[in-house]
Amino acid sequence: MRSVGKKKIMPAMLILLMAVFLGAGCASKPSAQWGKVLKCGNGGNLFYTSDVTEEEARRLRDYFLKIKTFQDEPPIVQLARKGNVYEVRMVVDKEVIEKELPPEVMGPVEAAGLLAEEVSKEVFNGAKVEWHLCDDKLKTLRIGSY
């Protein structure tokens, strides 16, 4: 079990929390400027920019498939890199981010930070990762980082 201050969350609960907003906002038509695309399971798309290799994008996709991220709603995700920092950009429902939660409940930005930590360790050998919660045009709304 992971803990964030007094808040605790199990990995399965983290995945469940992410599922709340993974597919939200996916009605937007993907843009060619989002990069090359890897198909992921149930219609999900993992875009990757020229700053990352196809191998890095495949490792992230494989991790998502391992934790069953792409099973329900088809999310839109982009992998980019700015210097030494990997950016995982995910389309989310803006309402989910803005929703007030009780203090004992982990919010989406905290969950994104935990996912950034997991992806850092599991996919990118400890490199810094930022998890961007984005609108349907991949404009960053909030960032969870590790």
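Helices (H or I, at least four residues) and strands (E, at least two) are DSSP runs, numbered from the N terminus. The legends below describe a predicted model, in which local features need pLDDT of at least 70 and side-chain atom pairs count only at pLDDT 80 or more, while totals for chains, interfaces and linings use all residues. Residues are numbered from 1 along each chain as its sequence is written, and side-chain values use heavy atoms, with hydrogens and water left out.

**View 1. Salt bridge between lysine 121 and glutamate 117 in helix α4**. A salt bridge is defined here as a side-chain nitrogen of Lys or Arg within 4 Å of a carboxyl oxygen of Asp or Glu. Under this rule the count is seven salt bridges. Side chains of opposite charge can pair when their charged atoms come close. For lysine 121 and glutamate 117, the N to O distance is 2.8 Å. The two residues are separated by about one helical turn because they stand four residues apart in helix α4. Lysine 121 is partly exposed at 46% relative accessibility, whereas glutamate 117 is buried at 16% (buried: under 20% relative accessible area; exposed: over 50%; partly exposed: in between; 1.4 Å probe, protein chains only).

**View 2. Salt bridge between glutamate 122 and lysine 66**. The closest N and O atoms of this pair are 3.9 Å apart. Glutamate 122 belongs to helix α4 (residues 108-122) and lysine 66 to helix α2 (residues 54-66), so the pair ties together parts that are 56 residues apart in sequence. With a relative accessibility of 46%, glutamate 122 is partly exposed; lysine 66, at 57%, is exposed.

**View 3. Salt bridge between aspartate 62 and arginine 61**. Here the closest N and O atoms lie 3.3 Å apart. Aspartate 62 is partly exposed, with 42% relative accessibility. Arginine 61, in contrast, is buried, with a value of 15%.

View 4. Is alanine 116 buried or exposed? Its relative accessibility is 0%, and alanine 116 therefore counts as buried. Leaving aside residues up to four places away in sequence, alanine 116 touches Val129, Trp131, Gly144, Ser145 and Tyr146, where contact means heavy atoms within 4.5 Å. How many residues apart in sequence are alanine 116 and tryptophan 131? The separation is 15 residues in sequence, and the C-alpha to C-alpha distance between alanine 116 and tryptophan 131 is 5.5 Å.
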